[in-house]
Amino acid sequence: MSFNLSLEQAKIIELPINQHILIQAGPGTGKTTTLVYRLMFLLNSGIPSSQIMVVTFTNRAANELISRLGSIPQSGQNAVLWVGTFHSLSLRLLNDEDIFICDNLLLKNIARYHKLDLTAKEIDRFLSEYSYIKNTSVDSITMDKYSSLTNLLKKYNLYDFDDILYLWISRANEMNKNKFKYILVDEFQDITNLQIKWLNTFVRRYNTFIFAIGDIDQSIYSFRGTTIETFLNFKKIFIPSETYCLYNNYRSSASIVRTSQSLIKNNKKHLDVELKPQKTDKTKIILFHTENDKTEAEYIAFIIENAVAGFNSNIMGIKEYGLDIKEPFSLKDIIILYRYHNMRHPLIKIFKDNGIPYQVIGGSKLANNKYVTRLLSLIRMLISNNKEIQLIEGTFVPTALRAAASTDCLGISALDFINNFVSLLKLDKDNEEVSHTVNLLSFIAGSIKSKGIKAVKELYHKIMLFRSEDELDTRAEAITLSTLHASKGLEYPVVFIVGCNEGFIPSLYSDIEDERRLFYVGITRAKQHLILSLSDYRFYNGKKVKTEISGFIDEINKDYIFQADTSILAMKKSKRRRYKEIQSIKQSQSTLKLMS
Amino acid sequence: MRYLADLHIHSPFSRATSKEMTIPNIYKWSCLKGIDVIATGDFTHPEWFSEIKKSLVENNNGLFELREDLKKNIRKEVFSSCSHLNPKFILSTEISCIYRKNNRIRKVHNVILMPDLKSAETFIKTLERIGNIRSDGRPILGLDSKELLKIVIETCPSSIFIPAHIWTPHFSVFGEFSGFGSIEECFDDLSRHIYAIETGLSSDPAMNWMVSSLDKFQLVSNSDAHSCENIGRECNIFESNTDISYNLIFDILKTGDGLVGTIEFFPEEGKYHYDGHRNCNIALHPFESIKNKLLCPVCKRKLTIGVLHRVIELADRKKVDQKQLNKKIYKSYIPLKEIISQFLGKTKTSKVVANQYFDLIKNLGPELKILDFDTSIKDSVIKYPVLEYVKNMHSYNIELNPGFDGKYGIIRVKNINAIKSEQMRLL
């Protein structure tokens, strides 16, 4: 059982199964491995898979878990596992019910139909506030300000994402067929009160045991209503329970681990556990400072070109710039992280100009895409049970679609449905954005096996639950661009974090400890090389902003940092080569001196 | 009829390519060089593709002719000694695949030929969905070469897929740094769709004969020109009773029947023949660098392993007999301009050299004909003493300074007079 596992991991995996357990597992300590093996341990102990549920933070993590489990020969049984996010599991639990998750657009359409005097922005704000309140408050909910909207939701029997969880909690008493005895929860630090309530429903009813794993230092979703207190109060919520700790980092080089620790210890809300690097590699972290975000992107492209040993001609070995590479990296070894999604533009521009393949994750949700919203309206028009919703949506579905949307388009597979939709709307597939969206839709539809109305409904919910993090194509030979938030759970040999400037990292609009945790998450994604960058000026939201060096950079222990010289950027390309030649001549001269 | 074909060049949309590479100029220089079939280059670049559609007219045999009015105009600049030529264009492009396979980063360049605009258009649309083809004439795609081959075959079964300059250390299928050990390792079961491989400047067919696993492929040579003057510096000699057509080229490359041989550089002149370090000015024969444990004697870092080294690594024959193995012939030439510059003792870019270069072509015919040194040229030696050098080249009176780590090698034609006086001195 214990192959591939460290002693501490093995100990945790084989803990007695009939107790609540919380594992504090720092980055790179083998969180997913531990979870997978614990699951196997349960199965091997004779627990039927129908009694085990695994809650992950993203659909991507759920898929990874399933594939990891499949790759272990011992796991044997090809069980139908209950693995998914809180939302997807709730939907699956409420399988037979006629539920439509309400999105912003539907509510806007209905509000418009009822001629409510509310702007689209106000409705958006209502939904996010409503969600925040539902996730944080333990008791009753009051939304007097928006009573007209809450009344509408009630009138049409509409549910938003959180209502799905509520619904399951309220129906749990009537449903006896799903008796989960063991629930494993990943990323426990990002759990909300509502989700705790959801878990507690099982605990109280079926005497279920919770095995939770997470890292308090990686809690980054306070704006969604998570609080660190939930993590700290585990012992009070689930009684009796034990907590354990994983502190050996197997992912990152020693200097990356030490850097991350020197940063995070500045948080007051922080457990006094130091991560211990298991790798001995002492490659320094690179920090560089440029004039503006454009030159920052240029320098990043320069480093990347060296890291992969050249795109058009061979260049490698920029030891003098801090990046000493022995074996070239592949494009999929590289990720670039930033605080805000719109900070990607200078990077995208330079990659486009140089023809370097890239992929972007962590943008707006697929369900909010303007084409996808039409698709969702169409589906609601087709299969909603509520005549009035059908009518309302009907008025918002484009004519091109409405004419052809007779019921005969429902007897087909989800993929055909998407193809029909694309051809009916005459979408321009050559458009980069459109083709990306169509690819995603086809990807989602491809995973649906059922046909007809069932398939379309499944498609609807899969689209609604599809998160921007799920967009990552791990097979793509491309550089990944991502927000810090969406990088959670990933690991890459080469990690860039751009814009280490005040106002960005940390952001002005968020709690400083939250921001420090976010930066910490970014840093700990790196396995071998971490490159931090900052600039004096930055174009943001159409304005040129003067930016100061991030306070977090000062907090990092300087012993692990190599300050890179960016003066080479100012030179023309031909000069750069000459410069490198001079450097190497100097170097060889000094070797000769040494020899003589 | 004999046809000279250069199947791999680049457009101005590729990096480091001369702006002079317009379609009429390519036509003109093909005439001056003596090329009958010339690649369009970069047809996957949308802008260059529309340029191709504008300036070329589709023949019904899979090749393209320069539009009549453009032809009329540009032919004014073609000497009458070359006017018998009327080069046809063939749709050709090169794609750089960067990907990881078997846990190593791979960078492989591949040349693709297609017979018609329709297939090319479909192909462009498919690639557009995969990656960015607009910013470089030779696009970089994060795509496995094998997947690319699959797309090519699916788009048009009569496409020709040629792994480019197969020995170059950094960007090729056998490259030391990011290549494979065999064609099969790279293309798996799809290897059967590969008929020809490009030897590149730094290797000649004889070197390739050392590797028996390459026997089943036709060895082709192309210029990979980034400027007009380089067109045809390496090319293929086809022979057929019928008129040249795409299908003919396809059959020649598939079966080898009709492929007479190739015109080559001296492999020593190529940029990566020897091992070495450009910055340290170190060039080593593979045997020496092996003695040195592949480390540079100056900076002690790993040397850039050259083509010769890589061929020796993969070679499984010790000696090769061209006739016995029934191999095609090949001829190694030094570009005419270089010969003139050596003869005159002036730099290649000087005006005197250029004048004499055009003068020769004007009076004797296309460059490749002059270099071929047939009887009609031989007779002109008295009139043009520089041809003495061409003669010397043919009799291998040359001195080789092999290229290494991206630096072109220098091939010096020995001055017969100098040799004579040397002999006199010794006597």
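**Reading a strand and an interface**

Student: Where do I start with chain A?

Tutor: Start with contacts along the chain. This is a predicted model. In chain A, 79% of the contacts with a separation of 6 or more join residues 24 or more positions apart.

Student: How many helices and strands does chain A have?

Tutor: Chain A has 24 helices and 16 strands. Of its 596 residues, 43% are buried.

Student: How do I read one strand, say β1 of chain A?

Tutor: In a regular strand, side chains alternate between the two faces of the sheet. Now take β1(A), residues 20–25. A:His20, A:Leu22 and A:Gln24 point one way. A:Ile21, A:Ile23 and A:Ala25 point the other way.

Student: Is β1(A) mostly covered or mostly open?

Tutor: Mostly covered. Six of its six residues are buried.

Student: Which strands pair with β1(A)?

Tutor: One is β6(A), residues 241–246, parallel to β1(A) over six bridges. There, A:Ile23 stands opposite A:Tyr244. Another is β5(A), residues 209–214, also parallel, over four bridges. In β5(A), A:Gly214 is the bridge partner of A:Gln24.

Student: And how do I read the interface with chain B?

Tutor: Interface size is often given as the accessible area lost when the parts come together. Here, count residues in contact instead. 27 residues of chain A touch 22 residues of chain B.

Student: Which helix of chain A gives the most to that side?

Tutor: α24(A) does, with five residues. Both α14 (345–354) and α24 (573–595) of chain A supply at least two residues each. By class, this side of chain A has 10 nonpolar, 11 polar and six charged residues.

How values were computed: Residues are numbered from 1 along each chain as its sequence is written. Chains are lettered from A and ligands numbered from 1 in the order in which they are written. This is a predicted model: local features need pLDDT of at least 70, side-chain atom pairs count only at pLDDT 80 or more; totals for chains, interfaces and linings use all residues. A residue is buried if 20 or more other C-beta atoms lie within 10 Å of its own, exposed if 12 or fewer, and partly exposed in between; C-beta atoms are placed from the backbone. Two residues are in contact if their C-beta atoms, placed from the backbone, lie within 7 Å. Ala, Val, Leu, Ile, Met, Phe, Trp, Tyr, Cys and Pro count as nonpolar, Asp, Glu, Lys and Arg as charged, and the others, Gly among them, as polar. Two strands pair if DSSP finds at least two bridges between them.
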